[in-house]
Amino acid sequence: QRVLSLVSLTLTTGPHPGTSSPPATEPPPSTRGWGVPPPPTGEMSGADLRAFVSAVCALSCPRLAPRLAAAWPAVRRWSEPNYLRARHGHRLVPVEVGAEHIGERALHGVGEQQVVCTLEAFIDDVILAGHAATRRGGLPTAVSPTVPVTSSCTRGYLAQHTLFEQIPSLRDDLGTPPAVPPSADLRAWFGPAGVATPVHHDLHHGLLVQLVGRKRVQLWPPAARGLLRAPPLGSPLANTSPFDPGLLETPPADGTWTTEEVEQLRQAASLHTLEPGDALLIPQGWWHSAQALTVSFSVSFWWNDEADAGSARGGAGLAGGT
């Protein structure tokens, strides 16, 4: 309860009393950077922007949008550690940790895979030093109602967190994607190289925007449910799959998946590597997995049909900039 109270306090009070965040400026030179690709040059072409807007309105298949967010301030400001650490390092955040780094400390099931730590400790210990988020003795708990999405070997992943509700000023570093409903749910994904989200499909539409580093995303159409051996519809894990995308590169030696099955999944898959500023539209029901190839900071915009989709398709401002 104390952990939850601390998080609640941090969510509601903002910066420490009597302090304020410094003005948003470009980050100073750092001698200890992320080691990621530099921010992109150039912006999305008008033709690509129109094609992206059409794809969002149709919501029938995934669409890569190169450099959609290239002009967003976050792509430059968050490209090295000093900016986030200096401005918001004192804030408490829930970090997901894989089962290998928890052991028997999670006493009440898989949901207790979150460790509360400061953003500064997460950056220094996990992102830069490569330690597990549990190294300082943090007790794994269930901070948020979201089910952990990390693989068992994950050292630490700030995953699917409502960071921009907690720190509204960070939202100012983002742009507004064209045609995405303004009421879309906004989530943060921040972690070291190697963090991954297993194969699943979402119950909403999503736009994944890459801000820092590189991320690889593999997708399969809704019809691949059988190939992916998803649990029966109606079961609690019906939107998940036991398939390990790594098998597309190294087929299993234990016979868990046959060569024919892996080949069918390889043929059905589409692969996208997101660079800083790129975005990927993932319609509801499309199976996907994601893996950070470097230190990675992404954001997801999530929305459903009906009212939200109506506002997206209403026509006003669809070709707006980012």
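Tutor: Gladly! Six strands form an open sheet in the order β1-β10-β7-β12-β5-β4, with antiparallel pairing. This is a predicted model, where local features need pLDDT of at least 70, side-chain atom pairs count only at pLDDT 80 or more, and totals for chains, interfaces and linings use all residues. Residues are numbered from 1 along each chain as its sequence is written, and side-chain values use heavy atoms, leaving out hydrogens and water.

Student: What makes β1 and β4 stand at the edges?

Tutor: β1 (63-65) and β4 (158-161) each have a single partner strand, so one side of each lacks a neighbour in the sheet.

Student: How do you know that β1 and β10 pair?

Tutor: Two strands pair if DSSP finds at least two bridges between them. β1 and β10 (residues 279-282) have three bridges, in the antiparallel sense, so they meet that definition. In one of them, L64 is partnered by L280 of β10.

Student: Why is α4 called roughly antiparallel to α5?

Tutor: The axes of α4 (residues 81-88) and α5 (residues 119-128) come within 8 Å and cross at roughly 150°. Angles over 145 degrees count as roughly antiparallel, so α4 is roughly antiparallel to α5.

Student: Which residues of α4 and α5 meet?

Tutor: Contact means heavy atoms within 4.5 Å. P81, L84, R85 and H88 of α4 meet L119, E120, I123, D124 and L128 of α5. These contact residues divide into five nonpolar, one polar and three charged.

How values were computed. Axes fitted to C-alpha atoms, helices over the stretch in contact; angles between N-to-C directions. Helix = DSSP H or I, 4+ residues; strand = E, 2+ residues; numbered from the N terminus. Parallel < 35°, antiparallel > 145°, perpendicular 65-115°, else oblique. Nonpolar A, V, L, I, M, F, W, Y, C, P; charged D, E, K, R; others polar.
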